[in-house]
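Dear colleague,

I am handing over the structure below, and after it I set out what was found when the coordinates were worked through. Please read the notes with the structure open beside them.

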Amino acid sequence: MAQQHDDYCGTVHPNLPAPGRWGRLRRGLREIWLIPVVALFLTTIFVASDNMLSFKQAPWVLWINLVVSTCIGGTLIATYAWVAPWIRKRSTSRVARVGTHVVAIACAVFGGSELAIRLLQLASPRYLGVSRLSLYMISGAVCTTIVLLVRAYERIVGRARETELREAQARRGMLTAQLEALQARTNPHFLFNSLNAVASLIEEDPKRAEAMLERLASLFRYALEGSRRQHVPLRDEMAAVRTYLAVEAERFGARLTSSVDVEAGLEDLAVPPLVLQPLVENAVLHGIAARREGGRVDVSARRENATLVLTVEDDGPGPGASLHQGTRTALDDLRQRLELAYGAAATLVSGTGENGGCRVRLSIPIVAPTD
């Protein structure tokens, strides 16, 4: 169940991080602009309604109202930041929340008013004092109005934040589901082709088939674990690529040569699991399998500024010239996975390689090393 907490004035919001006392104090200080506004408002009301006051006395009245508003407002902010949480810790009922407002307003009215009177009496001999009852009534009405307005505003803002949070969680859940669906489409394709490679050797060379099965067990384990994670260390991904190429080398023999080259210092960087396997599988299928003379597959990882560049290249017939006319599902699925994981920050470009074959260049932003 989601944890609930109160905002500055006691409005309950589920799913939002609860501020500490200093956080509440900082939030209260954001409302400090209300103090001069209230002082100016009260001064205007007093000067306009009291025939005994002239506009020449307005600055003096404004100064008095600033002192009173500052004392009462400061007391109100401090009460909500320090006293109110202590009360709410002992009871989370609606009565306790209402009682918190009553206590905060009472502290501000009585404590703040008395502090203001003392300061005014010390600051100027011209201050002769005002009726405490009148001061209590006016400050009580003003504090109550401000608390109600701030509480209503915080409720509106809190609900808007909750709505944004729910929408963000829904979007994240949808993206996760899409990513898992795409990854699920990749894994069976990978496993199916690998099992075919083993099946072709069972009768010809049982020992080689057994060795392939051991490698496949490692690949299956990696595929299973990878389907449950969003990122893996690059070293694990490259180890899976090497194992896969070793399996295919058993199948094709001398017809397949390969290399896996990783720039030093990149082994711990995080990458999506099984991001290279479909590219290597395509290189073997389209660049090597149908050619009697076989061919070569090169896999590399390089850093370019803040980008990790992964490249898979073969020396086969090149894009569109393979005897195996695929549906480009692997590349399309991989592009979707990258878009879901990195947005526009990741790119996948395929074209003719330096040796005339096919080259796929995958660029992703460098992610902090995985644990």
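I begin with R291, which is buried at a relative accessible area of 19%, just on that side of the line because buried means under 20%. Please bear in mind throughout that this is a predicted model, and that the values below are computed from it.

R291 is found in the loop between α8 and β6. Its side chain meets that of E293 in a salt bridge, at 3.3 Å from N to O, and the two side chains are also joined by a polar contact of 3.3 Å. E293, for its part, is exposed, with a relative accessible area of 56%. H286 sits in helix α8, which covers residues 277-289, and is partly exposed, with a relative accessible area of 22%.

The salt bridges come next. The count comes to eight, and one of them joins the side chains of R235 and D268 at 2.5 Å, N to O. R235 lies in helix α7 whereas D268 lies in the loop between β4 and β5, so this pair ties together parts that are 33 residues apart in sequence. R235 is partly exposed at 42% relative accessibility, and D268 is likewise partly exposed, at 35%. Another salt bridge, between the side chains of D332 and R335, has an N to O distance of 3.9 Å. D332 and R335 are separated by about one helical turn, because they stand three residues apart in helix α9 (residues 329-342). D332 is partly exposed, with a relative accessible area of 36%, and R335 is partly exposed with 30%.

Turning to the strands, five of them form an open sheet in the order β4-β6-β7-β9-β8, with mixed pairing. The edges are taken by β4 (256-262) and β8, each of which has a single partner strand, so one side of each is left without a neighbour in the sheet. From one strand to the next the twist averages 10°.

Within this sheet, strand β9 (residues 358-365) runs antiparallel to strand β7 (residues 307-314), and seven bridges join the two. L310 has L362 in β9 as its bridge partner, and E313 stands opposite R359 in β9. Strand β8 (residues 347-352) is also antiparallel to β9, to which it is joined by six bridges, and here the bridge partner of T352 is C358. The hairpin of β8 and β9 has five residues between the strands, and in it G356 takes a positive phi near 90°.

Two helices lie across strands of the sheet. Helix α7 (residues 234-252) lies across β4, β6 and β7, running at about 170° to β4, while α8 lies across β4, β6, β7 and β9 and runs at about 150° to β6.

Most residues other than glycine have a negative phi. L274, although not a glycine, has a positive phi of about 55°; L274 lies in the loop between β5 (270-271) and α8, and is buried, with a relative accessible area of 1%. N305 has a positive phi near 60° and is placed in the loop between β6 (295-304) and β7, but N305 is exposed, with a relative accessible area of 74%.

Finally, the structure holds one aromatic pair. F110 and Y136 form this pair edge-to-face, with 4.8 Å from centre to centre and 65° between the planes. The pair links distant parts of the chain, since F110 is in helix α4 (residues 94-123) and Y136 in helix α5 (residues 132-199), 26 residues apart. F110 is partly exposed, with a relative accessible area of 46%.

Note on methods
Residues are numbered from 1 along each chain as its sequence is written. This is a predicted model: local features need pLDDT of at least 70, side-chain atom pairs count only at pLDDT 80 or more; totals for chains, interfaces and linings use all residues. Side-chain values use heavy atoms; hydrogens and water are left out. Rings of Phe, Tyr and Trp (its six-membered ring) pair if their centres lie within 6.5 Å; planes under 30 degrees apart count as stacked, over 60 as edge-to-face and the rest as tilted. Helices (H or I, at least four residues) and strands (E, at least two) are DSSP runs, numbered from the N terminus. Buried means under 20% relative accessible area, exposed over 50%, partly exposed in between (1.4 Å probe, protein chains only). Two strands pair if DSSP finds at least two bridges between them. A polar contact is a pair of N or O atoms within 3.5 Å; within protein, one must be able to donate a hydrogen and the other to accept it, and residues adjacent in sequence count only if both atoms are side-chain atoms. Axes are lines fitted to C-alpha atoms, for helices over the stretch in contact, and angles run from 0 to 180 degrees between N-to-C directions. Contact means heavy atoms within 4.5 Å. A salt bridge is a side-chain nitrogen of Lys or Arg within 4 Å of a carboxyl oxygen of Asp or Glu.
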